[in-house]
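Reader: Before we go through the terms used for this protein, please show me the sequence and the model, so that I can set each label against its definition.

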Amino acid sequence: MPHRVDVLLHNIGTLVTPLGNHPRGGNAMKDIQVMEQAAVAIAGGRIAVVGTEEEVRNALQSAGSEIVTSVDAGGRLVTPGLVDPHTHLVHGGSREHELALKRSGVPYLEILAMGGGILSTVTATRKATEDELYTKALKSLNEMMLQGVTTIEAKSGYGLTVDDELKQLRVARRLHEAHPLDLVSTFMGAHAVPPEYKGREDEFVDLIVNEMLPRVTDEGLAEFCDVFCEQGVFSVEQSRRILMEGKRNGLIPKIHADEIVSLGGAQLAGEVGAISAEHLLAASDEGLAEMANAGVIPVLLPGTSFNLGLIQHARARDMIDKYELPVALSTDYNPGSSPTESMQLIISLASLNLKMTPEEILTACTINAANALGRGFEIGTIEAGKAADLAIFDAPNLAYLPYHFGINHTFGVIKSGRVVVWERGVVNA
């Protein structure tokens, strides 16, 4: 028990949290702790004591602990800080001009073939300076924090040259060092084949393997390596080569898998030992079984299928009920297919379109998402010893978050023991 408590968050109406350090699949996704009239004592940026307010105050009094700051939650709902494990945070430009094409029924891969889609953002990102990318991403990062998010993943993949990929990753590192939120970086040079390599796709793979990956690892700019394994983008064979070379360079594999076509990306995720596979709208039963056997976490992105106007959604219920996979959720924030920083929108879409329960959604946005970033021992639950990352929502209970959709319920955010959002505004960024 600490002699000094930096923050005592008290008068919590309801505290809800999964427990443990490991990803939770199947029925275990519904197992959360619900505690009424709770409190959390924070010392040194970590959770020191959690329990009912009476239990916490008695423990602190018995230990003679000094309380430096008391923060009144006002009877609100408190959860672990949300984790957004799949974003394309750093990029130039925007793509609202493609909206009419999408609404008229032009498929995404056709837009890409016309030089739109990812390639449009590549052009804007290459033109932007590092400072311009930083300023743009900072605005989005603050919006994510206002949504109750405390940790995010940020991918490169809009540069597609050695220098421009490094530029994106350096911006992410600067943001991680300067901003209260933690950023976890993923190298994704294999996001698309740039126009200058059209018809020479294998040569571009050579560039990624022989030049990009060594530079990224030499500068320590990423923890993960991702690839867009999809028809018309990177084949299973090309994806395998990139991910395995990433592993040899010390980067943990992730994969954009089976988003549009059932190409075998989910099976590849299991084969290469990926920590997560993302999208999975077209994943086969064989692929999901391979992921389950290999312990791969499915990261579902319901904002993408919603924004693209798709009838098809990822089979969350099969993943949870049949394969007992530990589903995670994310915004997929990007300028094309999911231009939203709102994890709370994702919470509602997971309920409406993926048919997930509030308890499953909470688990997916916290401990499972944390494990998709290799951080389940550090964040994702409200337990003694973990980082004091907490979200305070102006809601009476957990079910209210997906039920009352279209607004931001966040009242406050505590990141590593610091109050960074209060009364719906950023106070420490």
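Reader: Where is Glu-324 found, and why is Glu-324 called exposed?

Author: In this predicted model, where local features need pLDDT of at least 70, side-chain atom pairs count only at pLDDT 80 or more, and totals for chains, interfaces and linings use all residues, Glu-324 is found in the loop between helix H12 (316-322) and strand E13 (328-329), helices (H or I, at least four residues) and strands (E, at least two) being DSSP runs numbered from the N terminus. Residues are numbered from 1 along each chain as its sequence is written, and side-chain values use heavy atoms, with hydrogens and water left out. Exposed means over 50% relative accessible area, buried under 20% and partly exposed in between (1.4 Å probe, protein chains only), so Glu-324, at 57%, counts as exposed.

Reader: What makes His-279 buried or exposed?

Author: The relative accessible area of His-279 is 2%, and therefore His-279 is buried; its place is in strand E11 (residues 276-279), and its phi is near 80 degrees, a positive value in a residue other than glycine.

Reader: How do you know that the side chains of Lys-415 and Asp-182 meet in a salt bridge?

Author: The definition asks for a side-chain nitrogen of Lys or Arg within 4 Å of a carboxyl oxygen of Asp or Glu, and for Lys-415 and Asp-182 the N to O distance is 2.9 Å, a salt bridge. Across the interface of domain 1 and domain 2 the rule finds 1 salt bridge.
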